[in-house]
Amino acid sequence: MQNIKNTTKETLRRLLPLPLRQRLCIGLNRSKWLTPDVRYWWTRELLRDFAKKDRDGYHRFLWSNHLAYSLTYEVEQRFGEENMVASRRAFISDLRNQLSKMDIVPERDIRSVFEVGCSLGYQLRYFETDLFAAATEIAGVDIDGYAIEQGRRHLEAAGSRVRLICGDMAHLNDQLDGRIYDIIFCTGVLMYLAQEDAARVMQVMLRSSRVMVALSDPGYAQLDNGLLEHSVIREHDGSRFHNLDAMVKTLGGTVLFRRWEGHRLVDGQRMYFVFAKQ
Ligand SMILES: C[S@@+](CC[C@H](N)C(=O)[O-])C[C@H]1O[C@@H](n2cnc3c(N)ncnc32)[C@H](O)[C@@H]1O
C-alpha cells in the first residue's frame with residue numbers, strides 16, 4: 001500500500017510541471033471540504049522536489065500563498081493574550097527585564113516599534129494595548145498577503161493604529177523607508193532564510209533600531225546555537241537553525257541579552273532569544 005502511495009506521488013511530480021502543481025496546491029487550499037491536515041500533506045508531497053531544489057523559494061511560495069504551516073495563522077487563533085504561548089510570554093518577560101536594566105520604562109519611553117514577519121499583526125496589537133502605551137508608530141511587514149489583509153480588517157475594526165505592510169523582508173530597507181525605530185522585532189522568521197540572506201536582513205535591522213533588535217529563532221537541541229559554526233537545516237520543515245549571536249557580532253553589533261534553552265520543549269518550541277544593538 002505504501003509503495004503504491006509513493007509511486008503515485010512520484011508519478012504526479014514527474015508528469016505535472018512545477019507551476020501546475022503550485023497552482024494545484026493553491027486550489028487545494030481553497031477547498032475547505034479538505035481538512036487542514038490533508039491540505040498540508042498534499043502541499044508538502046506535491047512540492048517535495050521544489051523544497052529540495054530551492055529551499056528558500058519553497059518557503060517564500062508557501063508563506064506568500066498562505067499554505068501548509070501558515071494555515072493556523074487566523075485572527076481567532078492568534079489575537080488576544082489568551083492565545084499567547086508560554087515561550088512568547090518568556091520572551092516578553094526577558095524583554096521587560098532587559099529594558100528595565102537599561103532604565104527604559106516600556107509604557108513611557110518606547111515610541112516606535114517595527115516587526116519583521118508580523119503575520120496578522122497580533123503581536124503588534126499586544127504591544128499597542130499592553131506594552132508600549134506611548135508608541136505612536138507601530139508597524140510591521142509580512143509576505144503573507146492573506147494574513148495582512150485579514151489582520152488589517154481586524155485591526156481597523158478594533159480602532160488600532162497598527163500599520164501593516166505586505167512585502168518580502170529581502171526589501172526591508174525600502175519598507176523601513178529611512179525611519180529609525182526604537183525596537184525592531186523579528187521572531188520565528190529569519191529561520192526561513194539562508195544564513196547570508198538572514199545576515200543581510202539583520203544588518204538592516206541593526207542599523208535601523210535605536211534601543212535594540214529583539215530576536216527569537218528555533219533553538220538547536222544538541223548544542224547552543226551560539227556555538228554553531230554555520231546555520232544547520234531543520235530536517236522536518238527545511239527551515240534553519242542560525243547562530244544569531246555570531247551574526248550580530250560579525251556585523252559589529254553587541255549582544256545585550258541571550259537565552260538558549262534548546263534542551264527543553266516549551267509549547268513545542270526550543271527557546272533561543274537574542275537582544276542586540278549596533
Ligand atoms: C512562524 S511565523 C512567525 C510569525 C510571528 N513573527 C510570530 O512570532 O508569531 C513566520 C512569519 O514570517 C513570515 N515570512 C516568511 N518569510 C518571509 C519573507 N521572506 N518576508 C516577509 N515575511 C516572511 C511568514 O509569512 C510568517 O508570518
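What follows is a conversation about how some labels in this predicted model are reached.

Trainee: Let's start with Asp-56 in helix α5. Why is Asp-56 called buried?
Mentor: Buried means under 20% relative accessible area. Asp-56 has 11% relative accessibility, so it counts as buried.

Trainee: What makes the link between the side chains of Asp-56 and Arg-240 a polar contact?
Mentor: The test asks for a pair of N or O atoms within 3.5 Å, one able to donate a hydrogen and the other to accept it. The side chains of Asp-56 and Arg-240 are joined at 2.9 Å, so the pair qualifies as a polar contact. Leaving aside neighbours within four places in sequence, Asp-56 is also in contact with Tyr-192, Leu-193, Ala-194 and Asp-197.

Trainee: How do you know that α5 is largely enclosed by the rest of the structure?
Mentor: Seven of the ten residues of α5 are buried, and therefore the helix is described that way. The buried ones are Asp-56, Gly-57, Tyr-58, His-59, Phe-61, Leu-62 and Trp-63. Their cover includes α2, α3, α4, α12 and β7. Just after α5, His-66 takes a positive phi of about 55°.

Trainee: Which residues of α2 and α3 meet?
Mentor: From α2 there are Arg-21, Leu-24, Cys-25, Leu-28 and Asn-29, and they meet Arg-39, Trp-42, Thr-43 and Leu-46 of α3. Sorted by class, this contact has five nonpolar, two polar and two charged residues. In α3, Arg-39, Thr-43 and Leu-46 are among the buried residues, together with Glu-45. What covers the buried residues of α3 includes α1, α2, α4 and α5.

Trainee: Asn-29 is in α2. How do you know whether Asn-29 is buried or exposed?
Mentor: The relative accessibility of Asn-29 is 6%. The limit for buried is under 20%, so Asn-29 is buried. Setting aside neighbours within four places in sequence, Asn-29 is in contact with Arg-39, Thr-43, Leu-67, Ala-68 and Leu-71.

Trainee: What makes α7 oblique to α9?
Mentor: Their axes come within 14 Å and cross at roughly 50°. Under 35 degrees would be roughly parallel and 65 to 115 roughly perpendicular, so an angle between those ranges makes α7 oblique to α9. The crossing of α7 and α9 is right-handed.

Trainee: Which residues form that meeting of α7 and α9?
Mentor: Arg-88, Ile-92, Leu-95 and Arg-96 of α7 meet Gln-123, Tyr-126, Phe-127, Asp-130 and Leu-131 of α9. By class, that gives five nonpolar, one polar and three charged residues.

Trainee: Last one: Arg-264 in strand β8. Why is Arg-264 called partly exposed?
Mentor: Buried ends at 20% and exposed begins over 50%, with partly exposed in between. Arg-264 has a relative accessible area of 39%, so it is partly exposed.

Trainee: And what makes the pairing of Arg-264 and Glu-261 a polar contact?
Mentor: Their side chains are joined at 2.5 Å, and the limit is 3.5 Å, so the distance meets the definition. Leaving aside neighbours within four places in sequence, Arg-264 is in contact with Gln-269, Arg-270 and Met-271.

Notes. Residues numbered from 1 in each chain as written. Predicted model: local features only at pLDDT ≥ 70, side-chain atom pairs only at ≥ 80, totals over all residues. Heavy atoms only, no water. Axes fitted to C-alpha atoms, helices over the stretch in contact; angles between N-to-C directions. Helix = DSSP H or I, 4+ residues; strand = E, 2+ residues; numbered from the N terminus. Parallel < 35°, antiparallel > 145°, perpendicular 65-115°, else oblique. Left-handed = near helix turned anticlockwise from the far one by under 90°. Contact = heavy atoms within 4.5 Å. Nonpolar A, V, L, I, M, F, W, Y, C, P; charged D, E, K, R; others polar. Buried < 20%, exposed > 50% of the residue type's maximum accessible area, 1.4 Å probe, protein only.
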